[in-house]
Amino acid sequence: MPSDLDDVERFTEEFLKRLQFGQGVALPRATKNDLYYALARTVRQQLMARWLETVQRQMQAKAKVVVYLSAEYLLGRQLDNALLASGLTDTAEAAIDGLGLDMQTIRDTEVEPGLGNGGLGRLAACFIDSLATLRIPAIGYGIRYEYGIFRQTFEDGHQVEQPDSWLTLGSPWEFPHPEMGVKVPFAGHTEKYLGEDGRERTRWVNDWEVIGVPYNYMVPGYRTGNVNTLRLWSARATQAFDLHVFNNGDYLQAVRSQAFAENISKVLYPEDSTPQGKELRLQQQYFFVACSLRDFLTNVMGPGFDPRKLPERVIFQLNDTHPVIAIPELMRILVDEKDIPWDEALDICRQCFAYTCHTLLPEALEVWPVELLGRLLPRHLEIIFRINDDFLAELREAYPDDELRVRSMSIIQEHPERAVRMAYLATVVGAKVNGVAELHSQLLRDKVLSDFSAYWPDKFTNVTNGITPRRFIGLANPALTELITDTIGDGWLRDLGRLVELEPHADDPAFLDAFAAIKVGNRKRLAGLLERRDGIVLPQDAMYDVMVKRLHEYKRQTLKLLHIVTLYQRLQENPDLDIVPRVFLFGAKAAPGYWIAKQTIALINAVGRVIDNDPIVAGRLKVAFPANYNVTLAETLIPAADLSEQISLAGKEASGTGNMKLALNGALTIGTLDGANVEILQAVGEENFFLFGLTEPQVHAIYESGYQPREYFQNNPELRKALGAIASGAFSDGNREAFAPIVDSLLHEDRFLALADYQSYIEAQDRVDLAYRDTRAWNRSAVLNVARSGFFSSDRSIQDYLDRIWNASPVDAS
Ligand code: H2P
């Protein structure tokens with residue numbers, strides 16, 4: 001992409017201008033924040049012309065638009081991504097350097113927008129990056145939370161949540177448009193009335209409303225000149241609402257009302273995989289969806305647009321169930337506002353929505369109590385009931401003698417309380433339903449939504465997740481990026497399949513040495529960061545064994561911990577034991593209300609502290625748990641990893657994306673046959689992957705036969721010893737109560753079969769230990785992991801969505 005800022009002098013000039021006229025300071029008096037803003041504005045300006053042009057062209061082309069509806073976008077820092085996308089990284093570095101400033105300090109000034117919990121939100125961020133890179137007309141819609149995912153700190157090893165005030169110093173990447181606010185109605189009742197044509201109509205008379213103010217963000221494609229839009233909504237109180245109360249003399253009430261309205265976009269809900277009967281969360285969902293549909297229909301499609309043409313012009317991709325309320329909202333608009341007959345409106349909706357499911361845990365499938373939904377969105381509840389009535393009538397025709405089946409497929413659940421099953425609603429109306437890895441999609445078809453897939457076999461498909469190589473190797477691993485470019489030439493960051501060209505180099509000693517040196521450098525970089533950031537000192541000459549993901553029982557951080565305790569005990573018993581020194585790195589946040597997950601964090605930290613203070617293992621075992629794992633930390637941590645822990649119980653992790661990031665950066669996986677691990681294993685080859693554990697059918701059989709965790713405990717001396725040490729207070733200064741709940745839950749329930757998989761995991765870890773000793777062979781495997789990870793680019797995922805679900809095409813930027 002040609003740029004008029006390519007020249008260092010021009011760039012410097014522009015930067016100084018932005019500093020002076022944008023920030024109102026001269027260089028000698030500029031703060032870090034001033035410098036960051038000026039640099040951001042310099043790059044931003046470069047992208048803006050492209051942005052306006054892209055939007056213009058896409059409108060003119062009247063092409064089909066992919067509308068990605070997601071309650072979460074875990075974006076990560078923007079500055080470096082914008083520089084990379086516009087090809088200005090080197091110029092900017094030279095300019096900043098030339099002014100005697102430090103680029104890293106400027107980078108570190110940026111606070112990442114943590115508008116997501118984990119994989120789901122990060123996937124959305126990767127997808128909008130790929131959509132822009134593939135030049136697909138697309139808009140991402142979501143919520144501009146004032147507080148994103150909490151900032152994690154540790155007090156005495158326990159997680160403490162701090163507010164994430166990412167907007168304190170403002171954000172140079174957002175463009176607010178208060179003049180384009182959208183009114184969002186809530187509550188009230190519905191009324192029937194006769195239209196001019198004598199037909200009966202329904203009107204929603206709402207009680208209160210808020211305004212959604214759009215904030216636009218640029219989503220630059222990688223060196224394509226294409227810049228798409230991410231539009232996030234912020235809630236504001238309506239004027240009328242405030243004034244009315246204020247004029248009645250109740251100032252405090254007026255302020256309270258305003259605070260109430262603005263609460264809607266105040267905080268991101270922390271995931272805890274249980275449906276939260278939280279009214280505010282339903283408000284958030286309807287709020288952003290209502291704003292987005294209104295914005296799309298009026299501003300993107302333009303005045304006079306015939307909504308009957310929607311199926312040609314849009315596909316609304318529902319990122320999990322959070323935006324599913326968009327279905328009755330579009331029905332409401334079409335039927336109540338646009339006067340389209342019910343059947344025709346439903347037919348339109350059936351072509352415009354597609355639904356991605358991201359879970360297999362039944363408790364994570366969202367349901368909304370009928371009482372709540374009816375109170376907050378009375379018209380929507382009526383619409384959902386009618387969709388359900390039509391659907392059940394259709395089913396009764398198909399299955400006249402199977403009423404039980406019909407009822408089990410109802411969108412409305414009757415027990416334990418009457419509630420709307422959002423996943424069913426999305427499945428009934430959505431044109432397509434996809435899972436996020438082969439195994440997950442299969443299990444959706446066979447288990448979670450089996451009646452639906454029997455009824456509509458063609459509705460179900462798979463799109464395996466992917467990650468953007470721009471951020472997760474291009475930005476995260478500059479040294480490896482350079483080595484790859486030197487070896488196979490340019491262009492692979494946009495065509496990740498080309499990494500296979502590295503395969504022949506896996507046997508080239510010079511290449512392997514260069515690769516190994518990069519790992520060493522990345523470990524050093526991580527060690528430097530953690531020492532500065534957290535005061536954690538990491539040994540360099542050790543295997544970096546990494547487990548980074550949300551803290552959840554199904555992901556089994558506890559199983560990892562049992563391995564660590566076992567190794568520690570082996571060394572205590574035999575201090576001369578020859579083991580490969582390891583650094584165990586954890587990164588994980590626990591949902592604030594998820595008590596056992598928080599206890600697990602405390603236990604990891606407690607074990608780490610004991611190991612740290614024990615001279616017997618000094619230099620051989622180290623547990624490091626830097627607080628507040630986020631995208632920024634991931635970018636330094638992942639490239640330093642040797643071993644990637646992907647140890648969820650088979651059949652529980654929908655896909656995983658950290659597994660892909662680590663493999664792409666040359667870590668070998670130790671993992672179960674779960675989620676996308678299955679596809680990673682196929683891609684990289686069994687000899688380059690440490691497989692262990694029960695398979696999904698075996699897990700099923702164990703559950704069926706009545707799982708007895710105690711039997712595994714009793715029959716395995718090492719396991720007994722490890723759990724015994726935790727139970728008897730070895731990591732809690734003799735306090736037996738401290739971690740008793742974790743031990744009890746493992747011994748008596750162990751819902752995710754950690755004890756059943758323990759032995760197999762330990763054996764696989766022993767194989768890891770042996771394999772790591774052969775440095776050359778290990779590095780060869782690592783290189784093959786990189787070379788064979790091309791499939792896991794989110795560009796490929798997006799291409800699959802285009803082919804299997806969206807049927808949309810690129811529009812050229814110029
Ligand atoms: C979830 C799933 C992952 C999946 C991701 C994106 C909800 O993310 O559990 O298996 O890869 O969505 O599809 P996470 O657990 O990281 O919050």
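**View 1. The ligand between two domains.** The ligand lies between domain 1 (8-465) and domain 2 (474-707 + 752-796), because both domains give residues to the shell around the ligand. The domain bounds come from an automatic or database domain assignment. The model shown is predicted: local features need pLDDT of at least 70, side-chain atom pairs count only at pLDDT 80 or more, and totals for chains, interfaces and linings use all residues. Residues are numbered from 1 along each chain as its sequence is written. The ligand is surrounded by 18 residues, the closest being Gly 118, Gly 119, His 358, Ala 654 and Ser 655; a residue is near a molecule or strand if its C-beta atom, placed from the backbone, lies within 6 Å of it. The shell consists of four nonpolar, 10 polar and four charged residues. In this classification, Ala, Val, Leu, Ile, Met, Phe, Trp, Tyr, Cys and Pro count as nonpolar, Asp, Glu, Lys and Arg as charged, and the others, Gly among them, as polar.

**View 2. The contact between domain 1 and domain 2.** The protein chain is divided into domain 1 (8-465) and domain 2 (474-707 + 752-796), and the C-alpha centres of these domains lie 32 Å apart. Across the contact, 47 residues of domain 1 meet 38 residues of domain 2, where two residues are in contact if their C-beta atoms, placed from the backbone, lie within 7 Å. On the side of domain 1 that touches domain 2, at least two residues each are supplied by helix H3 (79-86), helix H6 (119-133), strand S5 (151-155), strand S6 (158-162) and helix H17 (438-448). Helices (H or I, at least four residues) and strands (E, at least two) are DSSP runs, numbered from the N terminus. H6 provides the largest share of this side of domain 1, with eight residues. By class, this side of domain 1 holds 17 nonpolar, 20 polar and 10 charged residues.

View 3. Strand S4 (residues 138-143) is largely enclosed by the rest of the structure, because six of its six residues are buried. A residue is buried if 20 or more other C-beta atoms lie within 10 Å of its own, exposed if 12 or fewer, and partly exposed in between, with C-beta atoms placed from the backbone. Ala 138, Gly 140 and Gly 142 point one way from S4, while Ile 139, Tyr 141 and Ile 143 point the other way. Strand S1 (residues 65-69) runs parallel to S4 and is joined to S4 by four bridges; two strands pair if DSSP finds at least two bridges between them. Within this pairing, Val 66 has Ala 138 of S4 as its bridge partner. Strand S12 (residues 227-237) is also parallel to S4, with five bridges between them. Ile 139 has Thr 229 in S12 as its bridge partner, and Tyr 141 stands opposite Arg 231 in S12.

**View 4. The hairpin of strands S11 and S12.** Strand S11 (residues 208-220) and S12 run antiparallel and are joined by 11 bridges. Pro 214 stands opposite Trp 233 in S12. The hairpin has six residues between the strands, and Arg 223 takes a positive phi near 50° there. S12 is largely enclosed by the rest of the structure, since 10 of its 11 residues are buried.

**View 5. A three-stranded open sheet.** The strands of this open sheet follow the order S15-S17-S16, with antiparallel pairing. Strand S15 (367-369) and strand S16 (412-413) stand at the edges with a single partner strand each, so one side of each has no neighbour in the sheet. Three bridges link S15 and strand S17 (residues 419-421) in the antiparallel sense. Val 367 has Arg 421 in S17 as its bridge partner.

**View 6. The surroundings of Ala 431.** Ala 431 is found in the loop between helix H16 (422-429) and strand S18 (432-435). Ala 431 is partly exposed, because 19 other C-beta atoms lie within 10 Å. Apart from neighbours within four places in sequence, Ala 431 is in contact with Arg 350, Gln 351, Phe 353 and Ala 354.

**View 7. The annotated residue Lys 661.** In an unreviewed entry, UniProt lists Lys 661 for "modified residue: N6-(pyridoxal phosphate)lysine". UniProt positions are given in the numbering used here, feature names are shortened, and annotations may be inferred rather than shown by experiment. Lys 661 lies in helix H25 (residues 658-664). Lys 661 is buried, with 29 other C-beta atoms within 10 Å. Not counting residues up to four places away in sequence, Lys 661 touches Ile 467, Phe 472 and Ile 638.
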